[in-house]
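User: I am new to this structure and would like a close look at the contact between the two chains. Please describe that part, then connect it to what lies within each chain.

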Amino acid sequence: MEPNDELMNEKLNINRRHFFSKLSVGLGTVALGSLMIPGLFTRRGGLDADMPMLGVPHFAPKAKRIIYLFQAGAPSQLESFDYKPLLNERMGEDLPESIRNGQRLTGMTANQDQFPLVGSFTGFKQYGQNGTWISDYFPHIGKIVDEICIVKSMHTEAINHDPAITFFQTGNQNSGRPSMGSWMSYGLGNENQNLPAFVVLTSRGKGNSQGLYSKLWSSGFLDSKHQGVLLRSGKDPVLYLNDPDGISRSDKRMMLDKIADLNNQHYHRVHDEEIQSRIAQYEMAYRMQMSVPEVMNIKEEPESIIKMYGAEALIPGTFAANCLQARRLAENGVRFIQLYHQGWDQHGNLPNEMSKQALDVDQASAALVLDLKQRGMLDDTLVIWGGEFGRTNYCQGRFRPDNYGRDHHPRSFSIWMAGGGVKKGISFGETDEFGYNIIKDPVHIHDFHATLLHLMGIDHEQLTYKYQGRRFRLTDVAGNVVNDLIA
Amino acid sequence: MRLKHNLLLFGILGLLFLGIWQLARTNNSVSEQSNGADNLPEEISFNFHVKPILSDKCYACHGPDANKRKAGLRLDVEDAAKSELSENPGKFAIIPNESGKSELISRIYTEDESEMMPPPDSHLKLTDQEKNILKKWIEEGAEFEQHWAFIPAKKSELPKVRNQEWPKNEIDYFILNKIEKVGFDPSKLAPKEKLIRRLSLDLTGLPPTIEELKRFVLDNETFDYEELVEYYLAKPAYGERMTRDWLDVARYADSHGYQDDSYRTMWPWRDWVIHAFNENMPYNQFLTWQIAGDLLPNATKEQILATGFNRNHPITQEGGVIDEEYRSTYVSDRTNTLGKGILGLTLECAKCHDHKYDPFSQKDYFSIYAFFNNVNEKGLQMDAVQAKNRMYYADAPYITIEDEDLNGILSFINKKDTVKVNVMVMNDSAYRNAHVLARGNYDAPTDLVTASAPEAIVAFMDNFPKNRLGLAMWLTDEKNPLTARVYVNRLWAMIFGQGIVKTTEDFGSQGALPTHPELLDWLAVDFVEHDWDMKYLLKKMVTSATYQQSSVISPEMKKTDPENIYLARGPRFRLGAEEIRDYILTTSGLLNDEIGGPSVKPYQPPGLWEETNAGGNRGILTTYVPDTGDKLYRRSLYTFWKRTLPPPSMTIFDAPNRDLCEVRRQKTNTPLQALALQNDEQVLEGARFLAENITEHSSDNGEAITTMFNSILQRNPTDDELEKLLEYHETYLEKFSLDFENAEKLISVGQYEINTTDTAKTAALMMVAQVLYNLDETITKE
């Protein structure tokens with residue numbers, strides 16, 4: 001039997017549907033007239049919420065879940081994790097043509113007649129056992145450097161935000177493909193019967209920001225049950241989650257029982273299994289109404305934890321609050337937790353904006369790693385931190401050493417990862433002393449995706465979905481697992 | 001040659017076994033696996049048995065893509081497949097009648113991994129049955145056929161049926177013929193009230209009104225079904241319903257998409273589409289105007305407006321992009337939309353390399369691309385901030401809708417104010433050389449190409465002009481085997497829930513095979529013979545006995561035909577996103593049936609645009625301010641469509657985001673849908689409004705509930721249903737009489753002014769309405 005045989009997938013879907021409808025009969029009976037929700041928050045709670053794709057995992061997974069702290073807008077690697085003192089030494093000098101080597105430029109700097117090199121405004125210090133250089137904007141991340149793996153040799157083809165971020169999230173620069181989290185949900189199923197497998201949280205920094213789009217968490221051509229569910233900080237954490245005013249939980253229960261009763265009557269007239277499936281979805285919705293606010297209620301977190309993440313963790317909608325939220329979701333079996341923090345597009349005013357952006361994320365990002373560790377969850381939770389491309393080593397616009405900007409740079413940039421089977425305390429890949437070109441161990445986005453899937457126990461060449469006659473993969477037709485990153 | 005193909009195709013299709021085998025295939029059912037090797041078709045059809053295997057498992061390396069071809073072997077062309085293997089002299093992949101000597105056979109049966117085909121690292125594998133089919137095919141002479149969808153359609157004789165009473169028109173002979181062969185009986189006629197509801201939903205996207213029900217079902221003993229069909233086809237709502245589907249094809253939106261996603265004014269084009277459908281414009285003309293209206297002799301402003309079709313694609317407003325990269329993307333988008341939306345082909349697969357499954361080269365792709373390459377446009381015209389400051393909502397080229405147009409040729413445009421409106425359209429005023437682009441990259445032009453369409457479909461005649469008008473002539477040429485088939489199939493899918501070709505977007509080698517090929521062809525030819533008359537075609541479908549069957553599923557049928565491939569019962573499917581919202585507006589009495597005009601902003605959970613925008617000043621779609629008054633209750637096709645964050649009440653029910661052409665929506669069933677139906681302000685307000693009105697007009701509880709049930713479900717409740725709802729209503733009447741505060745809270749939902757004299761009564765009845773709006777039956781066409 002072939003793991004990725006579409007026929008078998010289809011079979012599985014049919015079975016799944018039948019399974020679900022059988023399940024729903026039982027569930028409905030249990031739930032009728034009962035307010036108790038058995039196994040709320042227990043993973044698998046005695047019932048399989050959603051089955052994984054047949055044959056997956058292809059091998060033993062190292063990570064069970066991913067928390068992706070996406071830094072939207074593209075933070076500068078040169079003021080964070082890729083220390084290039086040469087740029088300070090040669091401040092203001094023109095980027096040598098031999099280094100630029102004909103790289104295409106965005107329309108924002110293509111007309112500049114000079115490309116003055118600009119060094120980091122902020123200082124760098126060495127941290128950890130290997131004396132890793134990290135900028136003064138990120139002292140908390142500096143302190144966990146022995147837990148993380150910095151990849152300094154990421155590269156992409158896209159040079160504008162929309163295609164670049166779309167590429168990172170879906171493996172393709174154009175819209176229409178499923179997001180990473182959707183692929184994981186499709187391949188691995190849902191671990192939890194009260195929450196979706198793939199959730200999204202957004203926050204906004206103070207820097208120049210770029211928009212986000214729902215296509216980034218879309219399931220593309222996969223079944224839409226795999227799409228990311230946006231969890232929001234307001235009173236409706238999931239769209240339409242709250243009952244209307246004037247209605248209590250017991251009213252809602254009575255209403256659902258009445259709906260199920262009438263739906264069942266109709267089922268006995270027309271015999272369509274879809275009706276049973278709908279009854280089951282209403283029960284799942286009812287459970288979500290309990291489980292989502294529960295998981296998002298951080299009031300029960302002790303003060304020590306709030307201290308770790310920073311006082312902002314108490315303000316809903318901040319990056320810090322979302323990091324804490326992410327941990328709680330991870331604890332409750334959510335498989336892919338996607339955060340976006342906007343505001344990293346420093347074409348100008350970089351020193352000022354970047355210090356604020358870093359302040360938003362530094363402490364909470366580090367706290368998340370430490371918090372997962374102290375709970376014994378870091379081993380099987382992969383945390384990723386990074387943006388959609390890097391920034392140029394030369395100044396955009398008029399050159400001033402104390403106030404400059406950097407344009408988009410797809411050719412080399414840095415991200416970091418922690419836990420989930422990734423080596424810790426290492427830096428991987430190298431750029432030249434100008435911080436422009438990769439000189440060792442390049443990692444393309446497809447390689448990055450292949451590696452993530454590998455860590456989750458999936459062979460990226462075997463997780464396919466046939467659509468419009470073609471077998472699609474997250475990694476398209478490319479990608480190699482970067483084995484040197486894996487512990 | 002062609003005659004032979006057709007005879008072979010249809011002769012074989014008549015046989016019973018094929019039907020069953022076919023069912024197994026289309027279902028992707030597993031019976032194929034368990035049936036094992038012995039259950040082979042008595043006679044092998046290349047198109048229906050062999051080609052799907054070769055295409056799916058072999059063409060990636062031995063197909064049309066010359067660059068990726070391995071061992072010099074190609075299996076998609078007969079001569080090449082039967083030639084001596086260039087890298088294996090003396091050997092042949094296929095020797096007709098001699099499977100023992102055919103290399104193909106030894107390679108697929110071998111256990112030796114170094115010899116095995118498909119190779120293990122491809123992760124592709126042939127089942128035993130597939131191997132045996134290939135073997136049997138070679139033993140029977142290894143005949144090739146042209147791909148079924150490229151053979152021109154022909155009207156065949158109506159098939160013989162035993163039950164002469166049942167058929168109402170030609171469709172039924174084709175359907176019944178198969179039903180009888182597999183030993184089913186057709187289902188009985190659906191009850192009148194079901195039928196009128198089905199018809200109204202299919203043809204207008206709205207449920208029937210109580211008045212319509214009365215007129216056609218209750219008051220009229222001589223129920224005239226044809227009259228009913230004519231009535232719905234003549235309603236202006238028909239044009240809106242048809243437009244709703246076309247907007248997905250045309251990837252219509254009210255925003256530009258991409259990074260900043262600011263405002264655009266394409267809605268007058270949408271008004272034209274509604275108008276065209278309501279005027280019953282023939283499909284060939286409908287296409288011609290949209291593809292090339294500007295190139296028609298003495299083109300009218302209306303014809304030019306129609307070409308907005310090809311400017312509906314996303315346009316970037318991200319400062320700093322490389323102009324040509326995006327211009328090239330737009331040209332590709334038009335090419336891909338032509339493929340998927342009109343021809344039912346995955347043309348985009350041939351953008352970066354030759355198509356791997358269908359006979360289109362990369363050169364073919366760019367020859368079509370060349371038609372769309374001469375628009376006087378830019379990749380980036382203005383960034384979002386500039387566009388906002390200058391109120392620039394349409395990138396050139398565009399036309400301006402003036403007030404005087406509204407008195408004349410463009411009277412169908414619902415232009416409310418006197419501000420002029422610009423609409424993006426096509427022109428050919430910037431001729432550019434078109435090249436094959438290596439790997440599809442805008443900055444890697446190679447060979448020069450001239451505008452043309454693929455010969456593999458049908459020849460692009462010498463007398464066709466080499467521009468979009470010529471392309472439209474080629475598309476609507478009677479000899480084009482795809483255009484009519486694809487559209488007929490899509491309308492079929494709209495009416496019956498799924499296409500005769502299930503993959504409505506792909507008629508190529510990797511697409512599904514038609515379940516009723518002769519019927520599809522008969523309808524396609526008939527459609528063209530009747531001057532591409534859409535209303536005629538729809539009427540043919542909905543007056544068939546097939547359509548009028550009950551959708552009740554017998555236990556036997558649930559086992560043997562769960563997907564209703566044989567159509568021995570009527571369709572039963574969840575309504576689309578727009579139809580669900582419109583259903584609630586209509587049945588509650590809130591609907592504002594005004595046609596056309598600028599898109600409106602109904603209720604939407606607050607904060608969605610604000611949380612994801614680029615920071616406040618980029619463009620004018622950064623904050624969502626809902627409309628007020630009547631504008632809240634327009635039909636959903638007028639709901640403002642922002643691509644990067646489309647209305648959640650639509651996307652939760654599977655509407656696409658409109659970044660790309662889509663022809664088939666998923667039909668999912670999710671907990672988010674359950675939440676939306678329970679808690680969306682619009683549903684609640686509808687429930688309240690209906691409850692209020694009924695409360696005012698009936699004093700008796702049973703009568704009130706029956707009236708509500710009639711309004712929402714368009715049938716009478718059963719005794720048991722009525723009893724249960726009465727009991728439920730009673731509970732809340734009691735509760736709310738004592739708990740006035742919560743009753744008031746409950747009914748205060750929505751902007752519509754509260755107008756009730758009895759709060760408790762209204763609240764209790766509103767609870768009943770919510771139960772009814774959440775029933776599966778309510779949101780299902782059955």
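Analyst: The contact between the chains takes 68 residues from chain A and 72 residues from chain B; two residues are in contact if their C-beta atoms, placed from the backbone, lie within 7 Å. On the chain A side, helix 1 (6-31), helix 5 (161-170), helix 7 (249-270) and helix 8 (273-296) each supply at least two residues that touch chain B. Helices (H or I, at least four residues) and strands (E, at least two) are DSSP runs, numbered from the N terminus. Helix 7 of chain A gives the largest share of that side, ten residues. By type, the side of chain A that touches chain B divides into 19 nonpolar, 27 polar and 22 charged residues. Here Ala, Val, Leu, Ile, Met, Phe, Trp, Tyr, Cys and Pro count as nonpolar, Asp, Glu, Lys and Arg as charged, and the others, Gly among them, as polar.

This is a predicted model, in which local features need pLDDT of at least 70 and side-chain atom pairs count only at pLDDT 80 or more, while totals for chains, interfaces and linings use all residues. Residues are numbered from 1 along each chain as its sequence is written, and chains are lettered from A and ligands numbered from 1 in the order in which they are written. The model scores ipTM 0.90 and pTM 0.87.

Chain A has twelve helices and 17 strands. Of its 487 residues, 57% count as buried, where a residue is buried if 20 or more other C-beta atoms lie within 10 Å of its own, exposed if 12 or fewer, and partly exposed in between, with C-beta atoms placed from the backbone. Among contacts in chain A between residues at least 6 apart in sequence, 78% join residues at least 24 apart.

One element of chain A to follow is strand 11 (residues 413-419): seven of its seven residues are buried, so strand 11 is largely enclosed by the rest of the structure. Strand 4 (residues 148-155) of chain A pairs with strand 11 in the antiparallel sense over five bridges; two strands pair if DSSP finds at least two bridges between them. In that pairing, Val151(A) stands opposite Ile415(A). Strand 8 (residues 381-386) of chain A also pairs with strand 11 in the antiparallel sense, over four bridges, and Ile384(A) stands opposite Met417(A).

Chain B is divided into domain 1 (2-146), domain 2 (253-472) and domain 3 (679-781); these bounds come from an automatic or database domain assignment. Ten residues of domain 1 of chain B are in contact with seven residues of domain 2 of chain B.

Gln317(B) sits in the loop between helix 16 (301-306) and helix 17 (323-343) of chain B. Gln317(B) is buried because 28 other C-beta atoms lie within 10 Å. Leaving aside neighbours within four places in sequence, the contacts of Gln317(B) include His256(B), Tyr258(B), Ser262(B), Met382(B) and Gly619(B). The C-alpha atoms of Gln317(B) and Ser262(B), 55 residues apart along the chain, are separated by 7.9 Å.

Chain B averages a pLDDT of 91, and 95% of the residues score at least 70; pLDDT is the predictor's confidence in each residue, from 0 to 100. Over residues 1-37 of chain B, pLDDT stays under 50. Where pLDDT is low, the predicted coordinates should not be read in detail.
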